[in-house]
Amino acid sequence: MAAGGNGGAAGGGVDTKAAFAQIYKTLKEELLADPAFEFTAESHQWIDRMVDYNVLGGKCNRGLSVVDSYKLLKGADVLGEEEMFLACTLGWCIEWLQAFFLVLDDIMDDSHTRRGQPCWFRVPQVGFIAVNDGIILRNHISRILRRHFKGKPYYADLLDLFNEVEFKTASGQLLDLITTHEGEKDLTKYNITVHQRIVQYKTAYYSFYLPVACALLLAGENLDNYGAVENILVEMGTYFQVQDDYLDCYGDPEFIGKIGTDIEDYKCSWLVVQALERADESQKRILFENYGKKDPACVAKVKNLYKELKLEAVFGAYESESYKKLIADIEAQPSIAVQNVLKSFLHKIYKRQK
């Protein structure tokens, strides 16, 4: 369900990262001592290993963004111990949500590796137990939120937020799966509207909006007053995914850390949508005959067509246009603190190479 890439702003300094890592241990220990379930030695060991395997190993950009955004909203370089703990805890809830999506996503996509190691369901003795592990990871979020936020005035809003974002992401994943299915039968089903809708729901909400919404709730704000901020972050998430689609084809695999397979996998990628819009009949025929094939010669033909259609220049124009629009929308926000949060996100991703 989750796109690749690493959405959101990176963590602020070594201290934040160290505190963040420490709080993970606390949260995991609490879950392993949860009185609601009588663990056997085997199940205790299983959950311990499963959580480490799936929740750790990413860059934690989404989680750390909660802390960074909260600091910017408060205008503080340093947070009190309690504030830091709560911000990191919400950050970890997002990392847990990401883990839940990825475990199930890898099964649906029949993937082999994730973060440089075998997908969880490919680990010997795991197999389809991974489906239940995904459900457990999702339930861990509710356990963590109840334990640490139940007395807070914004507790119900937090639960609502996570439920809402999970629903949007799962719906985006459905759209992606059935669109790919349709696209395999008829490539003309792919267009910019379809692409935008998939990206918005599948990636933008949980990668961009969720960390900032968590920080706003911590800061005592009412999310109903931040519809414009939600729109900006969803737009930013869309821009981020277009970059991802572009880098899948044009990025340096050494630098990105993965080899792009959007062409082979028949993905409704931004590039193929742009190609379909610009191609004449004979160029379309090349696309129809070669897109979605594993054969390297077919992939090369698609890439040559992208070159012919000058899609690198099209992306360059899209990138600067998006940036200008985002900056204008951000600067229209009444709160300078909110502007700072949004700009910190944008500057982390603008013109990124990986």
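Predicted model: local features only at pLDDT ≥ 70, side-chain atom pairs only at ≥ 80, totals over all residues.
Q: How many residue pairs are in polar contact across the interface of domain 1 and domain 2?
A: The rule finds six, both residues at pLDDT 80 or more. A polar contact is a pair of N or O atoms within 3.5 Å; within protein, one must be able to donate a hydrogen and the other to accept it, and residues adjacent in sequence count only if both atoms are side-chain atoms.

Q: Which helices supply the side of domain 1 that touches domain 2?
A: α3 (61-74), α4 (81-108) and α5 (129-149) each give at least two residues. The largest share is from α4, with eleven residues. Helices here are DSSP runs (H or I, at least four residues), numbered from the N terminus.

Q: Where do the two domains sit in the chain?
A: Domain 1 is 14-151 and domain 2 is 161-353, with bounds from an automatic or database domain assignment. Their centres, taken over C-alpha atoms, are 25 Å apart.

Q: Back to the interface: how many salt bridges cross it?
A: The rule finds one (a side-chain nitrogen of Lys or Arg within 4 Å of a carboxyl oxygen of Asp or Glu). R138 forms a salt bridge with E166, and the closest N and O atoms are 2.5 Å apart.

Methods
Residues numbered from 1 in each chain as written. Heavy atoms only, no water.
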